[in-house]
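Thanks for coming. I have one model to walk through today, so please keep the structure in view while I talk.

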Amino acid sequence: MWRALARTTLRAVANDCGSPGVGLAPSALTQHQLRHSKASNRFITTTSTAPPHNIGIMSVEKPKIVFVLGGPGAGKGTQCSRIVDRFQFTHLSAGDLLREERSREGSEFGNLIEDYIRNGKIVPVEVTCSLLENAMKASGKSRFLIDGFPRNQDNLDGWNRQMSEKVDFQFVLFFDCGEDVCVKRCLGRGQSGSGRTDDNLDSLKKRISTYNNDSLPIIKFFEGAGQVKRIDASPDAEEVFGEVEKIFVASGF
Ligand SMILES: Nc1ncnc2c1ncn2[C@@H]1O[C@H](COP(=O)(O)OP(=O)(O)OP(=O)(O)O)[C@@H](O)[C@H]1O
Ligand SMILES: Nc1ccn([C@@H]2O[C@H](COP(=O)(O)O)[C@@H](O)[C@H]2O)c(=O)n1
């Protein structure tokens, strides 16, 4: 019921924004490019479409996507690696894509991304969503774990505008983990040489505050719609994966 409602709502939003609603198959040829408009201080997505590709009457299946959410250090990345091995998903971490873009030579967004990451703030969705869409297309795959996204209302709204019509959303996998455990894991990761500029107490306080204020309401929204699969992420990684595995098998993967 909600699913039908949500689809109608999201379609209306997408149509308002002129989204073409095309399938995101390997043959999809649209490339999103971003630039920052100094005049309006906004990010602008430009879409260039290659010459029409005739697929006749062949229907193209939309890629299946699972959002993976949870506090910083809850173990999302760790569990995603295991899901990839066991269920042939492709793992796309929004944080990893942003860090990659930050380090890309000539990136227009390097400094901006670094400032957001260090301060635990959420980068404007125009940047993140385009990185995700481009990575999905480049992979040529059809099952995705979208890790660390959507993290706030801006992320969710941007996704609905740009992507919701192009994918087959499955559920949110929520790794529920207490704050103290999350902090301990992130500090441990920093001490083991993660090289991340936000695995320190100062950044972690800000990331946790962003998670509580901006991300939890998004998880609650999906929960209210019956679309969250919650997992206790505090036990060891092996035990957590046992629960993850049950969920994916029960969901037909
Ligand atoms: N169940 C677990 N028990 C103990 N340690 C864990 C567990 N899961 C992950 N870890 C460790 O905790 C740290 C954080 O894990 P991971 O990078 O998977 O978290 P994350 O949720 O992806 O973090 P972030 O959101 O900050 O990217 C890593 O050092 C990882 O090895
Ligand atoms: N949707 C997102 C995801 C991440 N960020 C920024 O990256 C930081 C690290 O994210 P991890 O998932 O790897 O922990 C995060 O604190 C944000 O600054 C983002 O902006 N939007």
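I will start with the confidence and the overall fold, then go to the two ligands, and end with a few single residues.

This is a predicted model; local features need pLDDT of at least 70, side-chain atom pairs count only at pLDDT 80 or more, and totals for chains, interfaces and linings use all residues. Residues are numbered from 1 along each chain as its sequence is written, while chains are lettered from A and ligands numbered from 1 in the order in which they are written.

Confidence, then. pLDDT is the predictor's confidence in each residue, from 0 to 100. The protein chain averages 84, and 77% of the residues score at least 70. Over residues 48-55 the pLDDT is below 50. It is also under 50 over residues 1-31. For the complex, the predictor gives an ipTM of 0.99 and a pTM of 0.84.

Now the fold. The protein chain has nine helices and seven strands. These are DSSP runs, H or I of at least four residues for helices and E of at least two for strands, numbered from the N terminus. Of the 253 residues in the protein chain, 32% are buried. Buried stands for 20 or more other C-beta atoms within 10 Å of the residue's own, exposed for 12 or fewer, and partly exposed for in between, with C-beta atoms placed from the backbone. Among contacts between residues at least 6 apart in sequence, 79% join residues at least 24 apart; a contact has the two C-beta atoms, placed from the backbone, within 7 Å.

Next, ligand 1. What surrounds ligand 1? There are 17 residues, the closest being G75, K76, G77, T78 and R185. A residue counts here if its C-beta atom, placed from the backbone, lies within 6 Å of the molecule. The elements giving two or more residues to this shell are α2 (76-87), α7 (179-191) and α9 (237-250), and the largest share, four residues, comes from α7. By class, the shell around ligand 1 has five nonpolar, eight polar and four charged residues. Nonpolar covers Ala, Val, Leu, Ile, Met, Phe, Trp, Tyr, Cys and Pro, charged covers Asp, Glu, Lys and Arg, and the others, Gly among them, are polar.

The UniProt record, an unreviewed entry, places a "binding site" feature at G73, A74, G75, K76, G77, T78, R189 and P235. Its positions are in the numbering used here, feature names are shortened, and annotations may be inferred rather than shown by experiment. Take two of these residues. G75 is in the loop between β3 (64-70) and α2, and counts as buried because 23 other C-beta atoms lie within 10 Å. Beyond four places in sequence, G75 is in contact with F175, C177, A233, A237 and V240. P235 sits in the loop between β7 (228-232) and α9 and is partly exposed, with 14 C-beta neighbours inside 10 Å.

On to ligand 2. Of the 18 residues around ligand 2, A94, G95, V123, G148 and R151 come nearest. Two or more residues each come from α3 (94-103) and α4 (110-118). The shell around ligand 2 divides into eight nonpolar, six polar and four charged residues.

Last, the backbone. Most residues other than glycine have a negative phi, and most peptide bonds are trans. The bond from F149 to P150 is cis, with omega near -5°; P150 lies in the loop between β5 (143-147) and α6 (153-162). Q88 has a positive phi, near 55°.
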